[in-house]
Amino acid sequence: MNHQELVALDHQYTMQTYGRFDVDIDHGKGATVYDLAGREYIDFTSGIGVASIGYANPRWVDAIAAQAAKLGHISNLFYAQPYARLAEKLCQRSGMAAAFFANSGAESNEGIIKLARKYSFDKYGKGRGTVITLKNSFHGRTITTLTATGQEVFHNYFFPFDEGFRYAQAGSMDSLQEVAGHDVCAVMLELVQGEGGVLPMDKDYVHDLAVLCAERDWLLLVDEVQTGIGRTGTLFAFQQYGIIPDAVSFAKGIAGGLPMGGFLASERTRGVLTPGTHATTFGGNPICAAAALTVLDILDEDALAAVTEKGNYIRARIEKMNVPCLGATRGLGLMIGVEVKGERTNKQVAAQLIESGLLVLTAGHDLRLLPPLTITMEEIDKGLAIMEKTLA
Ligand SMILES: *Cc1c(COP(=O)(O)O)cnc(C)c1O
C-alpha cells in the first residue's frame, strides 16, 4: 500500500475526527520514524508524549511478548503480579500510597474526581461535590472531563454538560477565593498546562494553593497525564513543586505506547474507593503493566537527569537559532513550548517542519515539543538542524 491508497482507505472508512497531517508513519526505531515510502522523520512528539522510551525498544518488545505468551488478560477479580508490581514501583518512587490502573487520561481523571467526591461525601455528606479547575486547562474528552476542562471552546455541541465544576484563573489566589464556597471538595490542576500551551505553574502559587486546600479540607488533585512518568525530569512534576497531592493521575507515557492510565492516592485517601465503588474491565492489563514496568526500569535516576539536560540543551539551541518565526522557549524537562512569531500560524509552521522531516506538535498558539525521553543527542542535533534549515 502506498500513501495515496492509505489516505483514500482512511477517508472512506474512518470518522474524520482528526485533522491529520498529510503524512503516514509505518515504523520506528528510537526517536526516528519512517513512512510507507521509507522516508525518515525525527520525532519530537512521542505520539503526544506517549512513546516515552521511543519506538521498538528491544526490552519493551521482549517484556510485552513474554507477558502476552504468559497471560494476556485476567479480570481484576483475581490477583496478578504485573498489577501489584507496577503499583509497588510507582508508589516507592513517588512517595504515594496506593495505585488504581485505568486505560486513558480522561478515565484516570474521572477516577480522581470520583475519589474526591466520595472522600467529601463520606466525611460531610451531600452538597460538597464541586471541583475547581483552572482556566486554559485540559483534562480529557469524556463529558465530565470536558466539563472539567477550563476552556470555553470545549463546552459545545454535547449539552447538557455536568454540574459541579468552577474555573479559576491559573496563577491567581484571588480568583481561587472568588470561586471558593461550601460546596467545594477539590482543586484539580496540571502543573504544566499541556494542551493549553506548555505553561508551567508558578511555584509560590502552587504552594499557596496546597496550603488553602489543606485549610479547607479540599483535596489537591494533580493531573499528570502529560507531565508524569519522567516527562519533566522527575518521575512526577509534583516532586519538583514541593507538594504532596491527595491524588495524582497519569497516562500518556506510562506504558511506552500501550494504552494505560491510572492514579495514585496518598496515605489519607487510599481507602476512599472501596470494593464496588470503582472498576474498569481492562484496567491494569498484564501486558500494559509489563510494558510499564520496563518503562520505569529504563527511566532510572540517570535517565531522568538526562531528560532535564536534554530539555535545557534543546531550548538553548532554539533560542540561539537565527529563525525569525520562533521566539522564546518555556517548559520543564522534555516538555517544551516554543513561541511562534510573525504572520504564519503555529499549524502552518508545524506542517512545514513535518514535511521537512521533523515531527512537532502545537499547543495554544505555539509549538510544543515532546520528544521520546530516551532520544539520543545525535537525533536531537538532526532534528534541530532540520528546524533551523527549514525555518531560516
Ligand atoms: C492528554 C491529556 C488528557 C486526556 O488523556 P486521554 O488519554 O486522551 O484521555 C488529560 N489530561 C491531560 C493533562 C492531558 O495532556
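**Charged pairs and overall fold**

Glu267 is exposed, at 59% relative accessible area (exposed means over 50%, buried under 20%, partly exposed in between, with a 1.4 Å probe and protein chains only). The model is predicted: local features need pLDDT of at least 70 and side-chain atom pairs pLDDT 80 or more, while totals for chains, interfaces and linings use all residues. Residues are numbered from 1 along each chain as its sequence is written, and side-chain values use heavy atoms, without hydrogens and water.

Salt bridges

- Glu267 forms a salt bridge with Arg270 at 3.9 Å, N to O (a side-chain nitrogen of Lys or Arg within 4 Å of a carboxyl oxygen of Asp or Glu).
- Arg270 is partly exposed, with 44% relative accessibility.
- The whole structure holds 13 salt bridges.
- One of them pairs Lys382 with Glu40 at 3.0 Å, N to O.
- Lys382 belongs to helix α13 (residues 377-391) and Glu40 to strand β3 (residues 40-43), so this pair ties together parts 342 residues apart in sequence (helices are DSSP runs of H or I with at least four residues, strands runs of E with at least two, numbered from the N terminus).

Overall fold

- The chain contains 13 helices and 17 strands.
- Of its 392 residues, 53% count as buried.
- Among contacts with a separation of 6 or more, 71% join residues 24 or more positions apart (contact means heavy atoms within 4.5 Å).
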